[in-house]
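Keep it brief, and give the cut-offs for each term.

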Amino acid sequence: MWERFSFYGMQAILAYYLYYSVADGGLGVPQATATSIVGAYGGLVYLSTIVGGWVSDRLAGRERVLFGSACVVMLGHIALAVLPGLAGVGAGLVLVALGSGGVKATATALVGTLYAEGDTRRDAGFSLFYLGINVGALIGPLLTGLAQSAVGFHVGFGLAAVGMALGLTQYAVGRRGLRGGEASRVPDPLPAAQRLRWALVAVAVVVLIAVAGFLGLLPLAGLATIVAVTCAVASLAYFAFLLSSSRLDAVERRRVLAFIPMFVASVAFWSLYQQQSTVVALFADSQLDRSLFGWTVPASWVQSINPVFIIVLSGVFAALWTRLGSRQPSTPVKFAAGVGVMGVAFLLFLPMSDPTPHSAPLLGLVGVLLAFTVAELLLSPVGLSLSTKLAPRAFPTQMVALWFLSTALGSALAGVFAGNWTPQGQAGYFSVLGLVAIALAVVLALVAKPVHRLMSGVD
């Protein structure tokens with residue numbers, strides 16, 4: 001909860017900090033560059049789950065990586081709060097991205113260890129896990145947005161650091177309940193003879209990125225595209241590695257194959273959903289009528305609408321899946337429905353596509369974000385659960401990291417797509433993306449049965 005408080009609290013004001021003028025407390029970068037940075041950052045958060053998953057599976061175990069990663073997140077928020085200009089943005093976002101990736105991969109996998117294989121309560125359990133996430137996601141933007149509008153951006157970033165410190169304190173007190181057993185097991189220990197080689201590889205990667213940045217090969221306006229290409233290449237390599245591993249039996253290999261169309265659907269979903277921090281943020285700032293009883297609601301507060309619906313509806317979905325039990329729709333059908341509803345959500349922007357500033361009704365955007373939430377609950381917690389159910393025994397955390405890699409690619413694409421949004425061209429923008437998503441949902445629904453068969457007994 002506290003990690004999500006800090007993450008969403010910071011993200012709610014990040015785009016505004018980047019493109020607001022210096023006179024308004026921002027950095028004054030072009031709007032398209034700002035959305036590219038936000039998209040690249042979102043992609044890096046999920047891309048770094050690979051690092052967290054690898055360290056967990058091969059070096060330290062899930063529980064220890066979770067705690068260490070949370071410490072790195074807090075340091076990132078401190079950097080954003082105290083370091084000025086783009087130096088603070090660079091240091092802060094890299095630290096938060098690396099730390100959040102470790103938290104995401106390990107926390108989800110730890111929840112998976114609480115349920116035996118075939119336990120029909122698993123999806124409901126992940127929905128409750130999702131509820132805790134969204135309590136933090138609700139409160140974070142409200143408090144950091146209020147702090148930013150009343151005092152300044154750096155105070156908002158500092159509040160995110162305080163939230164993370166509270167989370168670490170709470171976790172340090174209760175972590176004994178997760179130590180030992182499956183939570184601390186290192187499933188695929190790295191031989192001592194190979195550790196120096198991997199350490200040199202890590203140093204080489206860091207040096208290569210630093211040199212590329214120094215030489216201007218990582219332009220800010222193209223960061224989202226660079227991250228998207230990196231994620232796509234990493235995805236292909238990851239699937240090739242898993243499918244070729246001698247440690248998978250025939251059933252596990254079929255399950256990895258079944259994960260491929262789910263992965264593609266997830267990328268499509270997140271490329272639209274993650275535009276909450278780019279296009280929806282821009283829309284709220286420039287197009288939305290935020291007047292409420294004579295007071296102008298901070299634009300960042302729009303980011304708390306979705307968590308409200310999650311909190312209200314996650315219990316409903318958990319109860320629904322539990323009540324249906326073995327009669328609930330298969331995971332491919334849930335995915336198809338989630339992508340389809342996400343496409344419909346984008347089409348719901350069309351009645352509000354008048355480019356006149358502050359002409360869109362607040363209730364209209366609330367309705368759109370309700371559709372976002374329904375789509376999310378159909379796909380996201382189900383996907384988290386699926387990644388633990390389809391995971392080969394030799395690579396439990398890395399399979400979860402592969403799931404988050406689909407989110408990484410989708411988040412980066414959200415930043416790429418957002419560079420094409422303008423108030424004048426928004427009707428075409430929302431129409432194209434919405435219709436493409438609906439078409440993909442139809443295709444997934446048509447292949448749902450053969451995909452389900454490949455899952456070999458996993459629902």
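## H13 against H16

H13 passes H16 in a left-handed crossing (left-handed if the near helix is turned anticlockwise from the far one by less than a right angle, right-handed if clockwise). This is a predicted model: local features need pLDDT of at least 70, side-chain atom pairs count only at pLDDT 80 or more, and totals for chains, interfaces and linings use all residues. Residues are numbered from 1 along each chain as its sequence is written, and side-chain values use heavy atoms, with hydrogens and water left out.

Helices (H or I, at least four residues) are DSSP runs, numbered from the N terminus. Helix H13 covers residues 331-347 and helix H16 covers residues 426-446; their axes come within 7 Å and cross at roughly 165°. That makes H13 roughly antiparallel to H16 (angles over 145 degrees count as roughly antiparallel, under 35 as roughly parallel, 65 to 115 as roughly perpendicular and the rest as oblique). Axes are lines fitted to C-alpha atoms, for helices over the stretch in contact, and angles run from 0 to 180 degrees between N-to-C directions.

On the H13 side, the contact (heavy atoms within 4.5 Å) includes Phe335, Val339 and Phe346. Among their partners in H16 are Phe430, Leu433 and Ile438. By class, this contact of H13 with H16 has 17 nonpolar, 4 polar and no charged residues. Ala, Val, Leu, Ile, Met, Phe, Trp, Tyr, Cys and Pro count as nonpolar, Asp, Glu, Lys and Arg as charged, and the others, Gly among them, as polar.

Helix H3 (residues 49-60) packs on helix H4 (residues 62-82) at about 135°, with the axes 8 Å apart. That makes H3 oblique to H4. The crossing of H3 past H4 is right-handed. Gly52, Val55, Ser56 and Ala60 of H3 meet Arg62, Arg64 and Val65 of H4. The H3 contact with H4 has 3 nonpolar, 2 polar and 2 charged residues.

Helix H6 (residues 122-150) and helix H14 (residues 362-389) have axes that come within 9 Å and cross at roughly 120°. H6 and H14 are therefore oblique to each other. Their crossing is right-handed. H6 residues in the contact include Arg122, Asp123 and Tyr130, and H14 residues include Glu376 and Lys389. The contact of H6 with H14 divides into 5 nonpolar, 4 polar and 4 charged residues.

## Pockets

The largest pocket has a volume of about 1900 Å³. On a 1 Å grid over the protein atoms alone, a pocket is an open set with protein on both sides within 12 Å along at least five of seven lines; a cavity is a set of points where a 1.4 Å probe fits but cannot get out; lining residues have an atom within 4 Å of a point. Grid points are joined across faces, edges and corners, and a volume is the space filled by probe spheres set on the points. The largest pocket has 45 lining residues, with Leu44, Leu47, Leu98, Val205 and Ile209 nearest its centre. H8 gives the largest share of this lining, 10 residues. The lining divides into 35 nonpolar, 7 polar and 3 charged.

The second largest pocket has about 1000 Å³. Of its 42 lining residues, Met1, Glu3, Arg4, Phe129 and Ile133 lie nearest the centre. The classes are 25 nonpolar, 13 polar and 4 charged.

## Cavity

The structure holds 1 cavity of 30 Å³ or more. About 50 Å³ of space lies in the largest cavity. Gln11, Gln274 and Ser411 are among its lining residues. That lining has 2 nonpolar, 8 polar and no charged residues.

Technical notes: Helices (H or I, at least four residues) and strands (E, at least two) are DSSP runs, numbered from the N terminus.
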